[in-house]
Amino acid sequence: MPRTALRICPLCEATCGLTLTIDDGRVTGARGDRDDVFSKGFVCPKGAAFGAVDSDPDRLRTPLVRVDGELREATWAEAFDAVAAGIRTVVERHGPHAVGLVLGNPNVHTVAGALYPPVLVAGLGTRSLFTASTVDQMPKHVSSGLLFGDANAIPVPDLDRTDHLLLIGANPLESNGSLCTAPDFPGRLKALKARGGTLTVIDPRRTRTARLADRHLAVRPGTDALLLAAMAHTLLDEGLADLGERAPHIQGLDELTAALRDFTPEAVSGACDVDAETLRTLARELAAAPTAAVYGRIGSCTVPHGTLASWLVDVLNILTGNLDRPGGALFPQAATDKTPRPAGPGRGFALGRWRSRVSRHPEAKGELPLSALAEEIDTPTDEGEPVRALIAVAANPVLSAPDGDRLDRALGSLDFMVSVDPYLNETSRHADVVLPPPPPAQSPHHDFAFNTLAVRNQVRYTRPAVPLEPGRMAETEILARLVLAATGMHGADPEAVDAMVIDQTLAKAVREPRSPVHGRDPKDLASLLTGENGPERRLDMMLRLGPYGDGFGTDPDGLTLDRLLAHPHGIDLGPLRPRLPQPLKTRSGKVELLPDPIAADLPRLRAALDDRPAGLVLVGRRHLRSNNSWMHNVPALTGGSNRCTLHLHPEDAERLGVRDGQPVRIKGAGGEVTAPAEVTDGVRPGVVSLPHGWGHDRPGTRTRHAAADPGANVNQLLDGSLLDPLSGNAVLNGVPVEVAPLAAAVTKTFGALT
């Protein structure tokens, strides 16, 4: 008989609650959980297709180990023996930095991805860490670190109470939100308008979100920071800045005013292609609104001035008195956050504690740019060892990083590679060992990362909806065994990893005067933890020590794992609340409006006032039924409008002699790709758009549906040289490209050869 089970959806950042229908151990249906305290029944096409994602026949079921050049099925014991031999040999011969670690986007969607990679990095002692953050949101982490002293202290817009929302480089009707966890983002925007609020969207494309807006500005790509600087200049110049009740916690207003003096609306107008009076109007409307919030996302991060744009988003929230204010932008408080520290000066945030070996890129938040991975493998220097072994966890950088062709070759030259991935894809096909995690229905779920970005404080946890199939290994056990194999403890009980973390965490907590368990016995505390396994015991520990926790019995109404399990639809912890100055960890103990690294980068932005692209520039795009490269193998989520086409404006199409549906060749600094043209006035003239995550045409993969309609890898148009210098983030938007009808391009090439 069919049964139902609850599951939090792991397929995007909205984290919606699902009710799964399960028949004979297989998920046959998924609908929104109407009793979920956060999502209240909302579900998007990805969540509705949960069963198809879960049962994809191309998912690997057993480990693969390379023997005589071929990947062959192996036992788990054989796979981890090979991992231990391969990684430890490289460490012993070349040192820990010769082992690289790549973490992909799906890590933040799993319990295992949250709990074990930090232990792996620390155990290896490597500085060669690369993640998807540096092709996405790293500028926001860096700007938050510089402003607030904590790279993870990211204010989010109070969507349900704001009167005026300004979105720049964001399309939440397609993405479902990002760095702003909000189930039913479209419904929340419609509710904003229904209560008389204003929605402004700044985007070079007329997206679904832009079509909903009261005002849409088709800004020139890559000029986000200039536009925001002009708005901030206007607020300061016209006396509209009002720091409100947070003024005692903010420093640097005079210095900021001087630093932005040159960014007048008139000076910025030409570069942005937005008239000066409109720029002033944007600032005045923001200041006049009873409450307001500015929110920027990937379009404003993956540009040459991504960190400055991210900084200016918060500067505008600060100058209008909307930071840390209901209806403005507030700091969420997740249930698994550390025990809140008393307000006061902290250690601050540092950039460039070490640098990459080849191009000397500074680290940010402990990471090196993903764009630099290929050169860190294939380029010898006198400065340290190249990366000779690679551990890739839920990562497909051949498609997600610039210049996948070079990285593809570099991966083939490694001494050893292990990939934790459910698919044999464009990256994992190079691995010597592939460790496949089970489908999501067979895994537990708690959103460690996304609850720190949620628009309402809440906590939810779901155990596996379906038992592990015979021969499968839990993802938490896979990563725990990977930690042991890579750090010289191969063969130890994987529970030892969790026990070690629990012991270390509790030992530190009892020494901390502000901790609710100060002075108690760590062993006694550990004996109180509940849960069916090590990961659950760690979750219980984090909940008990967290801001809503029971403090191991000191608060009878506080959170524990047992209490959370008694509320299968979650526990609502209330709306976001003002928290300043408690989240601040700057050395001054205040919001530092003009940090030195920001001030040092402003001359580069000033030079951009004179930039005018001579030809076409490229921007990416997202689709509601897709998430990066890992859902194109699900038939239910491809086809229709989710296709890899090049959007270009009718004026540009006519000028170039391109017809709708005609194949075109797109050329950039990193190479050329071919895609069908889709002529649309949804992009402004001078701009073309190609979606991210495609290019499934490399041999040796086992993703049959994706390979049947591979699309073009947009990142192959990039050579990896364009980075935001403060964050190391790849510049993916606003880059120059050439476009020509395929027949014309072929003729031109043939003519050159003859």
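Analyst: Happy to; below, each label is set against its definition. This is a predicted model, where local features need pLDDT of at least 70 and side-chain atom pairs count only at pLDDT 80 or more, while totals for chains, interfaces and linings use all residues. Residues are numbered from 1 along each chain as its sequence is written, and side-chain values use heavy atoms, with hydrogens and water left out.

User: How do you know that the length of helix 20 agrees with what it should span?

Analyst: Helices here are DSSP runs of H or I with at least four residues, and strands are E runs of at least two, numbered from the N terminus. The expected span is 1.5 Å times one less than the number of residues. Helix 20 covers residues 495-511, so its 17 residues should span 24 Å; the end C-alpha atoms are 25 Å apart, which agrees.

User: Which residues of helix 20 are called buried, and what do they pack against?

Analyst: Buried means under 20% relative accessible area, with exposed over 50% and partly exposed in between, using a 1.4 Å probe and protein chains only. In helix 20, Val497, Asp498, Val501, Ile502, Leu506, Ala509 and Val510 are buried. Contact means heavy atoms within 4.5 Å, and the packing partners of these buried residues are helix 5 (117-124), helix 19 (475-486), helix 21 (522-528) and helix 22 (534-545).

User: Which residues are buried in helix 12, and what comes just after it?

Analyst: Pro265, Val268, Ser269, Ala271 and Cys272 are buried in helix 12 (residues 265-272). They pack against helix 10 (224-237) and helix 13 (276-288). Just after helix 12, Asp273 has a positive phi of about 60°.

User: What makes a space a cavity, and how many are there?

Analyst: On a 1 Å grid over the protein atoms alone, a cavity is a set of points where a 1.4 Å probe fits but cannot get out; lining residues have an atom within 4 Å of a point. The search of the whole structure finds 4 cavities of 30 Å³ or more. Of its 13 lining residues, Lys140, Ile154, Pro155, Tyr295 and Gly296 are the closest to the centre.

User: What is the make-up of the largest cavity's lining by class?

Analyst: Ala, Val, Leu, Ile, Met, Phe, Trp, Tyr, Cys and Pro count as nonpolar, Asp, Glu, Lys and Arg as charged, and the others, Gly among them, as polar. The lining divides into 9 nonpolar, 2 polar and 2 charged residues.

Conventions. On a 1 Å grid over the protein atoms alone, a cavity is a set of points where a 1.4 Å probe fits but cannot get out, and a pocket is an open set with protein on both sides within 12 Å along at least five of seven lines; lining residues have an atom within 4 Å of a point. Grid points are joined across faces, edges and corners, and a volume is the space filled by probe spheres set on the points.
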